[in-house]
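Please open the model in your viewer and keep the sequence panel beside it. The tour below goes from one selection to the next and says what can be found at each stop.

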Amino acid sequence: MKKTLTTTVPAALIALGLASAASAEIKIGASVSATGPAAFLGDPEAKTLQMLVEELNAKGGINGEEIALVLYDDGGDANKARTFATRLIEDDEVQAIIGGTTTGTSMSILAVAEDAEIPFISLAGAIDIIQPVKPFTFKTPHTDRMACQKIFEDMQKSGIQKIGMISGTDGFGASMQAQCKDVVGEYGIEIAADETYDPKDADMTAQLTKIRNTDGVQAVLNPGFGQGPSIVTRNYRQLGIELPLYQSHGVASDGFIELAGKEAAEGVRLPGTALLVADLLAEDDPQKPVVTAYKAAYEGKFKEPVGTFGGYAHDGFALLVDAVTRAGSAEPEAIRDALEQTSGLAGTTGIYTMSPEDHLGLDLSAFRMLEVKDGSWSIVE
C-alpha cells in the first residue's frame with residue numbers, strides 16, 4: 001500500500017538539469033555526498049550525473065522527452081539524505097532516485113523510496129541494501145560480500161591460509177568485516193588477528209603491530225573506505241611489514257594511491273573495476289567501449305581523472321535510461337519492472353543482468369583483481 005509522505009524541510013539544491021523541472025517530462029532525483037567526509041566519492045558522482053543529463057538532453061532525451069535532474073548534497077549525513085529523499089518524492093515529484101553515496105545514506109533513502117514505491121538505484125556497497133530483495137531498491141556497485149570472495153580467491157591461489165584483518169568501524173568497514181568473516185571459511189583461510197579502527201583515527205600502528213606479532217599471519221586485509229585505508233597503508237610500510245596487503249573496492253581509485261603515497265601503496269592489491277585499467281583492456285572486452293567513452297567525456301569536461309565512484313553513478317543513470325527506454329514509460333512501477341528485466345547491459349562496473357530475485361545483476365567476473373605497480377593500477381593475471 002502506498003503511503004503519502006508529509007514531512008519536508010528546506011534544503012540546498014545544488015543542481016538542476018538543463019531541462020527545467022516545470023517543462024521536463026521525466027524527472028530524476030539524486031542525493032549524493034558531494035561535500036563532507038565522503039566527498040571523494042560523491043563529488044564525481046554529482047559531476048557524472050550532471051554531465052550525462054546534459055549529454056542526453058542534447059541528443060533529445062529519452063524517447064524524445066527531456067530529463068530534469070534535481071540534485072541535493074547530503075554531505076554524507078543519513079538524516080539529511082532521508083529529508084532530501086522525502087523532498088524529492090513529495091515536493092519535486094521525481095519518478096526515480098539515484099544516489100546514496102554511502103551505506104548509511106542509502107539505507108535512509110531506500111526506507112523513504114520503498115514507502116513511496118519510487119525506484120531507487122543506490123551507489124553504495126553494502127549487501128544489506130539489496131538483500132533481502134526490496135521491491136523498488138537496486139544498486140550498481142559490487143557488494144562487500146563479493147569483494148571478500150574475490151580477495152579470498154586471490155589469496156587461495158597464492159597459498160595464503162592465515163591472515164590478519166584490520167577494519168574500519170564505519171558502516172562500510174563493519175559490514176565488509178562481517179561479510180568476510182562469514183565467507184572466509186569457504187576458502188580454507190583463518191583470520192588469526194582481527195583489529196579495528198575508528199575512521200577518524202590518525203594512526204593505526206598499534207593495531208598493525210599486534211597483527212605483525214601474531215604467529216603465522218601470511219597477509220593482511222583492510223576492509224574500509226575514506227582516509228583510513230591510506231593511513232593503514234602508510235603505517236604498514238613504516239613498520240616494515242612485508243606481507244601482502246589487500247584493500248577493499250571502497251578505495252579503488254587513483255586518489256587512494258595519492259593519499260597513501262606511491263611508495264607505500266606499491267604492491268597493494270584490491271578488487272576493482274575495468275574503469276581503473278581502461279587502457280589495459282583487450283580490444284574485444286565488452287566493457288571497453290563504455291569505459292573509454294565515459295573516461296574521455298569526464299576527463300575532457302572536468303580536467304580530473306575518472307574514478308570508480310563516478311562510474312557507479314554512470315551505471316545507475318545508464319540502467320535508468322535503459323529501463324525507461326524499454327518500458328516506454330517513466331511511471332515508477334514501469335521503471336521498476338523494466339529494471340528487473342535488465343539483461344546484458346555493459347557498464348563501467350560490469351555487465352548487468354537483473355531479475356526479481358537479483359537487484360544488482362553482477363557476478364564475481366565483474367571484478368578485476370588489481371595491483372599497484374610503479375604508482376599505477378595493473379591487472380593481476
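In which loop is the place of Glu117? Select Glu117 in this predicted model, and you will find this residue in the loop between helix H3 (103–116) and strand E5. Its phi is near 60 degrees, a positive value in a residue other than glycine.

Glu93 can be selected next, as another residue with a positive phi, here about 55 degrees, although Glu93 is not a glycine. Look for Glu93 in the loop between helix H2 (78–90) and strand E4. With a relative accessibility of 56%, Glu93 counts as exposed, since that value is over 50%.

Now move to Phe120, which lies in strand E5 (residues 120–122). Is Phe120 buried or exposed? Its relative accessible area is 0%, so Phe120 is buried. If you show the surroundings of Phe120, leaving aside neighbours within four places in sequence, the residues in contact include Ile97, Ile98, Ile109, Leu110, Phe136 and Phe138. For a distance to check in the viewer, take the C-alpha atoms of Phe120 and Val94, which are separated by 11 Å and belong to residues 26 places apart along the chain.

From E5, continue into the loop between E5 and E6, where Pro132 lies. Select Gln131 together with Pro132 and look at the peptide bond from Gln131 to Pro132, which is cis, with omega near 0 degrees.

Helix H12 (residues 332–340) is the next selection, and its buried residues are Pro332, Ile335, Arg336, Ala338, Leu339 and Glu340. Among the elements that cover these buried residues are strand E4 (96–99), E5, strand E6 (137–139) and helix H11 (308–327).

Which residues does the disulfide join? Select Cys148 and Cys180, which are joined with an S to S distance of 2.1 Å, and the count for this model comes to one disulfide. The torsion about the S-S bond of Cys148 and Cys180 is about -90 degrees, so the disulfide is left-handed. Cys148 lies in helix H4 (residues 144–157) and Cys180 in helix H5 (residues 171–183), so the pair ties together parts that are 32 residues apart in sequence. Both Cys148 and Cys180 are buried.

Go on to Leu360, in the loop between strand E13 (351–352) and strand E14 (368–373). Leu360 has 3% relative accessibility and therefore counts as buried. Not counting residues up to four places away in sequence, Leu360 touches several residues, including Ile130, Lys139, Pro141, Met146 and Tyr352. Leu360 and Ser122 are 238 residues apart in sequence, while their C-alpha atoms are 9.8 Å apart in space.

For the last pair of elements, select helix H1 (residues 39–58) and helix H10 (residues 288–302), which pack at an angle of about 105 degrees with their axes 11 Å apart. H1 and H10 are therefore roughly perpendicular to each other. On the H1 side the contact is made by Pro44, Lys47, Thr48, Met51, Glu54 and Glu55, and on the H10 side by Tyr294, Ala297, Tyr298, Lys301 and Phe302. Sorted by class, this contact has six nonpolar, one polar and four charged residues.

Notes. Residues numbered from 1 in each chain as written. Predicted model: local features only at pLDDT ≥ 70, side-chain atom pairs only at ≥ 80, totals over all residues. Heavy atoms only, no water. Axes fitted to C-alpha atoms, helices over the stretch in contact; angles between N-to-C directions. Helix = DSSP H or I, 4+ residues; strand = E, 2+ residues; numbered from the N terminus. Parallel < 35°, antiparallel > 145°, perpendicular 65-115°, else oblique. Contact = heavy atoms within 4.5 Å. Nonpolar A, V, L, I, M, F, W, Y, C, P; charged D, E, K, R; others polar. Disulfide = S-S within 2.5 Å. Buried < 20%, exposed > 50% of the residue type's maximum accessible area, 1.4 Å probe, protein only.
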